[in-house]
Amino acid sequence: MLRGIFHICLLASFLLLPFSSAVHDSGFTGGTDAPPPWDHNVSPPPETAPSPTPTSSPSTTSPPSPGPVAAPSPINNGSVSGDMTWWCNKTPHVETCNYYFRKSSQNNINLRPPRFRSEFLRMLVKVALDQAVITHSQTVKFGPSCTNNQRKAAWSDCVNLFQNTVAQLNRTLKGLNPAASSDVKCTDFDAQTWLSTAQTNIETCRSGSEDLNVSDFVMPVISNKNLSDLIGNCLAVNGVLMKQHNHTTTANHKEYFPSWVSRHERRLLVSASLAKSSPHLVVAQDRSGHFRSIQAAINFAARRRFKSRFVIYVKKGVYRENIDVGNDNHNIMLVGDGERKTIITSGRSVQHGYTTYNSATGGFGGQRFVAKDMTFINTAGPLRGQAVAVRSSSDLSVFYRVGIHGFQDTLYIHSQRQFFRECYISGTIDFIFGNAAVVFQNCMILVRRPLHGQANIITAQGRGDPFQNTGITIHSSRIIAASDLKPVIRAYKTYLGRPWQAYSRVTIMKTYIDNSISPLGWSPWLRGSNFALNTVFYGEYKNFGPGSSTRWRVRWKGFHAITSTAVASRFTVGSLIAGGSWLPATGVPFKSGL
């Protein structure tokens, strides 16, 4: 209860930021065309019924099955024969596949047609990796052409994102090698996660250039879809293997720690006193620690030789800084004195010249990042547009008892597998967005008062490929109006989500939903647009509260009032984030099943 009172008070003080009733959102009167890929500048529409006449043409790729396993592929199981053309003809992007394998042959690379699908997959990943290396090199060469800060910001993001794409593909290729050691070998689900991330990075580069209106500068490198299509072929072929091996775990109601967390790490997560009494570094504003800056401690940790669990204890105080954990800085754990005591705050935004990706108060890469007992705030305010408080692309990451507050685009769950437990998250437009596989459990989701003429949208999930194993699950949580919205709750429409990409996937289960939510529940991307209404998967299962009824929900093909336990179980911790491959083990207790 005290934690709830604190977040309400924190929001109350945050809400003293000026509002202007004269500000209107042009997105409400925009055209009905489908948005360009990852265009996150578009504001949501007010409450309208979806247009009965199609005004846009979503991807014609067959929609996936309701569950998080990938859709079937035309490639059959088992050992088969055929030349490379035969194999390529079974992929979603035939011409791209044939072109690059012909190119390899012309370069005197001896390509023996594979006998098994797994062998074909490794060949596809190798071709995608080679192309990713070339694309990264081409992007780096654009550096001297950065003649202004906007170009520099977009270029810097793209260099880092393509570098990470190379790393994800390399990690996948090594993990799929039958001769790989046990610490390198990966499961099909691991591979699908890393391939999904590699593809997401490409779209994020494109999105950043659009944020800052420098698409003409960055687009020459990313304008062709070859790399994205190559990764799409990898996802499709691996999707068959993943479905064939079925990585879902038996649902149950026990609480676990994910298995990749050691016994000592579990004790650190459960016991605040233990984490504070035996950290590797202490950050304190009163000079009683090793550093006064959180980023200085993170940079010190990045230089360590062995990337085992590294605990940084951040003492109480308001830290006005942007922090970033790099992609090679694994196993970082930040522990504060509590959400009301340890607060990290900054005010970057797109209108201040940052990309959405780089506007984050806290940005987290690497593997197995953990944050506990602290709050992140983006103070840019509602007039500044996209302004991220937390961005995470850390695989197997955990946020436990963390506050995350902003307005538009508060929480960027960018990619990989993530878990949020007992967190407070607030915002207005698309304030939980991205393309991770993520579960929110026992969380409080607070909908704030938007600007005049705007509507609230909670989720904007960015699954752009039907074979990506990504999606958002909100489980056993509460969705309610924040203190600033409650007095004017009838003046603004609030929706559970809208489709950022064609295969957007969000499931809300066993969650309390208050009367702030529109009876329609879900919003099209733009008013009157039919973009992705048939290819999304928006599911609701056994929710309760005055806004939970599905009687008047949208009548899209992509909306599902789930009644089957078997279907709902596909979106649990055990299934959506592959609990079978890393349970018991995230450092926080959670339910594997429903």
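Start at cysteine 146. With a relative accessible area of 10%, cysteine 146 is buried, because the cut-off for buried is under 20%. Keep in mind that this is a predicted model.

Where is the closest cysteine sulfur to that of cysteine 146? It sits in cysteine 158, 9.7 Å away, and that is too far for a bond.

Cysteine 423 is buried too, at 0% relative accessibility. Its sulfur has a closest cysteine sulfur in cysteine 443, at 4.6 Å.

Now the bonded ones. How many disulfides does a search of the whole structure find? Two. Number the bonded cysteines of the protein chain in sequence order, and the pairing reads 1-2, 3-4.

Take cysteine 88 and cysteine 97. Their sulfur atoms are 2.0 Å apart, and they form a disulfide. Is that disulfide left-handed or right-handed? The torsion about the S-S bond is about -65°, so it is left-handed. Cysteine 88 is buried, at 0% relative accessibility. Cysteine 97 is buried as well, with a relative accessible area of 1%.

Next, cysteine 158 and cysteine 205. Here, too, a disulfide forms, with the sulfur atoms 2.0 Å apart. This link is right-handed, with 95° about the S-S bond. Look at where the two ends lie. Cysteine 158 is in helix H5, residues 149-176, and cysteine 205 is in helix H6, residues 188-211. So the pair ties together parts that are 47 residues apart in sequence. Both ends count as buried: cysteine 158 at 1% relative accessibility, cysteine 205 at 2%.

Hold on to H5 and H6, and turn to the pocket. The largest pocket has a volume of about 1,000 Å³. It is lined by 42 residues, and the closest to its centre are Gln168, Arg171, Asn327, His330 and Gln367.

Which elements supply at least two residues each to that lining? H5, H6, strand E5 (323-325) and helix H14 (579-582) do. H5 gives the most, with eleven residues.

By type, the lining divides into eleven nonpolar, 19 polar and twelve charged residues.

Last point: where does the largest pocket lie? Domain 1 (84-248) and domain 2 (277-427) both give residues to its lining, so the pocket lies between them.

That's my tour. Over to you.

Methods. Residues are numbered from 1 along each chain as its sequence is written. This is a predicted model: local features need pLDDT of at least 70, side-chain atom pairs count only at pLDDT 80 or more; totals for chains, interfaces and linings use all residues. Side-chain values use heavy atoms; hydrogens and water are left out. A disulfide is a pair of cysteine sulfur atoms within 2.5 Å. Buried means under 20% relative accessible area, exposed over 50%, partly exposed in between (1.4 Å probe, protein chains only). Helices (H or I, at least four residues) and strands (E, at least two) are DSSP runs, numbered from the N terminus. On a 1 Å grid over the protein atoms alone, a cavity is a set of points where a 1.4 Å probe fits but cannot get out, and a pocket is an open set with protein on both sides within 12 Å along at least five of seven lines; lining residues have an atom within 4 Å of a point. Grid points are joined across faces, edges and corners, and a volume is the space filled by probe spheres set on the points. Ala, Val, Leu, Ile, Met, Phe, Trp, Tyr, Cys and Pro count as nonpolar, Asp, Glu, Lys and Arg as charged, and the others, Gly among them, as polar. Domain bounds come from an automatic or database domain assignment.
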